[in-house]
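Here are a few worked exercises to go through with the model open in your viewer. Try each task before you read its solution.

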Amino acid sequence: MSVQLNRVLIYADFTGVLCSSVEQKIYVVLNETVPCVRLLNATHQIGCQSSISGDTGVLHVLETESDLDWILSSGPHPPYMVIMETAFFNRSVMMRMKNSSRVAGVAVIISKTGLADNFSPHTTCPNQNTGVYSESYGSDLANCNGTVWNPLGNGLSYEDFSFPVFALKDENQTQVLRKCYEDHNQRVNGSAPQYPLCAMQLFSHMHAVTDTVTCMRRTDLQNRFSINPEVLCDPLSDFNVWTSTRPLNNSAKGHAADESVVIAATRLDGRSFFWEQAPAAEGTVSGIVTLLATIQALYPVTQEAPPPRNIFFSFFQGEAFDYIGSSKMVYDMEKNDFVIDMNNVHSMLEIGQVGLRSGRSLWMHSDPVSRQNKSVDTEVSEEEGKLSLFSHLTVDHPSVSQPLPPSSFQRFLRARRIPGLVLADHNTSFTNRYYESMYDDAENLNVTYPPGLTPDEQLVYETDAAKSLAEVATLVARSLYLQAGGEEKNLNNITADPKIVTQEHHISSPHDSRPGPPQFYIGLGPRVHGPAHSVTRFVQYILANLTGTVTNLTESQCQNPSELSTENKDLFSYFWVSGPASVNGTREPFCVRASVRLSKAVSPAFELLEYGSRNYSTWTESRWKSIRARIFLVASRELEVMQPALVELTETKQKNISAKTEIMFIK
């Protein structure tokens, strides 16, 4: 055998050993996990992170108060990686862990087992610093004085944890963790377990620190002076979605001549403690579905019997983070950089949380400060009267003077005292017990189906929740038509279809029967995740379906309508969409023309380079290199610390050797 062949065989044998990954032999990798990540604003950093090399600790399952004492004081093998059920994921327990040096990280099992009657990790006064109420406007109403909107809020999402916190979503992987714990770590008759022990390592190191001002300054410096600049954080951003009953010229900016506009709005986003886990069923989905159903009921009548005023429908993105979307639209209006300006706005109706349950009422909230103006008060009173007509629902207004609840309308009031109402299912404090948490899901909105229905059958089954929201949508649609100056004789033609509500609700709400439910966290929009958030795109296409016209344009013409003299891209957008499935399962695509638009939803603070702004949202999300979770056995305390580093070193060596094999063995 030649020397050359010998070298080849040695090379093949050696690389074969290397390619059977060291990591796979030592670790069980947990894929179905979701981290808590770091967010920053003008003054703070919040969220969680690991050390740069990941944090490691011995597993301990938290099931009793005795377990908590073991973790925080008496257990002999700190630091611990704490696995906890939902029942223990609360502010009291998490703050005790935050203040302990014996906790390396936390993994929360996502389930409804032991779920508390309420859980809201948001603050008690959402968006309190960026609404309309301040020292110069309704000072006695600022900071939730008089009305605490979210009294169940524990503020956990706004704490800063120096250790990683992950959510465990996969039940099978949760069982693997439990088995590892029970086989190696569980106490027997109160005595401490002996090595080898089951350990966990979590990676979620964040690049940004301190606050948005610091992060953006460092990023800007790198962009100026570094050949390979590293972005440390990104502004939260995406798009608003809007349309109108009469098309508005998208190329003409500023005041629209002879246009008086009634705005109907809701928000597109929500949040929770964990990254991108925001089902937001009552907090957001109820408003989205209601406004879409309103448009379905109202739009045909506005085309057959147009009211004098235009009705402008807007879905605002990023409202959970200090009104990103609405503040951007108002900013653009004031700059004459939008299709209308504030002087075009006649009035506004916003749909808030409307997850009605049996026996509940709807409440019309207004701003007591602007109503001190007689003309505004008169207009608001008339708007209230229109909402109270033609409905089997009980619709009322609060009996005492109180501020508006957190709402996009507040950002419009900061620019101009326009008449307006916020429609919600709460008189004073929120009735949503899981506001801005991962448990604000379809079940919280009382969306239930008879057992045994297939997903297709669920799509057409009219739930009680769908019927309630359809009734709200009918009420809103009729009142908007009257508010726009429409004639009362046409109201009987305006009725929301519960089947449409059912379909929209089923698609946009999380259900156990459907994998990959939508999440309503704004994220980083076009800067990182592509053209638009999936929820934004979903609403855009539903709107095009509800308000658009099918054309006979080809795909090429649909994508380039400006080349056709018969089409007007200034007034319309064009969508090439899949048609309904035929009997043989094929779909025939076609082109839809609709006056549906996207507009940027990014805080003006980043356009103005005012990263410490007190007037606009300054929220950013830190970047990171790796989000990972894995478990393994350790033979001693020393190896618990050294083993992950040794494996990383081994794998780095493996990569280096593999990269140089030709030099080492062939040449």
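**Exercise 1. Which residues lie nearest the centre of the second largest pocket, and how does its lining divide by class?**

Step 1: find the lining. The second largest pocket has 25 lining residues, and Asn41, Thr43, Asn129, Asp322 and Trp619 lie nearest its centre. On a 1 Å grid over the protein atoms alone, a pocket is an open set of points with protein on both sides within 12 Å along at least five of seven lines, a cavity is a set where a 1.4 Å probe fits but cannot get out, and lining residues have an atom within 4 Å of a point.

Step 2: sort by class. The lining splits into nine nonpolar, 14 polar and two charged residues, with Ala, Val, Leu, Ile, Met, Phe, Trp, Tyr, Cys and Pro taken as nonpolar, Asp, Glu, Lys and Arg as charged, and the others, Gly among them, as polar.

Step 3: get the volume. This second largest pocket holds about 640 Å³ of space, where a volume is what probe spheres set on the points fill, with grid points joined across faces, edges and corners.

Before you go on: this is a predicted model, where local features need pLDDT of at least 70 and side-chain atom pairs count only at pLDDT 80 or more, while totals for chains, interfaces and linings use all residues. Residues are numbered from 1 along each chain as its sequence is written, and side-chain values use heavy atoms, leaving out hydrogens and water.

**Exercise 2. How many cavities of 30 Å³ or more does the structure hold, and what lines the largest cavity?**

Step 1: count. There are six cavities of 30 Å³ or more.

Step 2: take the largest cavity, at about 260 Å³. It's lined by 23 residues, and Arg267, Glu350, Gly352, Pro406 and Ser407 come closest to its centre.

Step 3: At least two residues each come from β13 (261–267), α7 (281–304), β15 (345–351) and β18 (420–424); helices (H or I, at least four residues) and strands (E, at least two) are DSSP runs numbered from the N terminus. By class, you get 10 nonpolar, 10 polar and three charged residues.

Step 4: move to the second largest cavity, about 130 Å³ in volume. Its 17 lining residues include Cys125, Gln128, Tyr133, Cys144 and Gln410, the closest to its centre. Here the classes are 12 nonpolar, five polar and no charged residues.

**Exercise 3. What is the geometry of the Phe161 and Phe163 pair?**

Step 1: search for pairs. The whole structure gives 24 aromatic pairs (rings of Phe, Tyr and Trp, its six-membered ring, with centres within 6.5 Å; planes under 30 degrees apart are stacked, over 60 edge-to-face, the rest tilted).

Step 2: read off the geometry. Phe161 and Phe163 sit 5.7 Å centre to centre with 50° between the planes, a tilted pair.

Step 3: look around. Phe161 and Phe163 are both buried (under 20% relative accessible area; exposed is over 50%, partly exposed in between; 1.4 Å probe, protein chains only).

**Exercise 4. Is Ala87 buried or partly exposed?**

Step 1: check accessibility. Ala87 counts as partly exposed because its relative accessibility is 43%.

Step 2: list contacts (heavy atoms within 4.5 Å). Neighbours within four places in sequence aside, Ala87 touches Thr113 and Gly114. Ala87 and Gly114 are 27 residues apart in sequence, yet 4.9 Å apart C-alpha to C-alpha.
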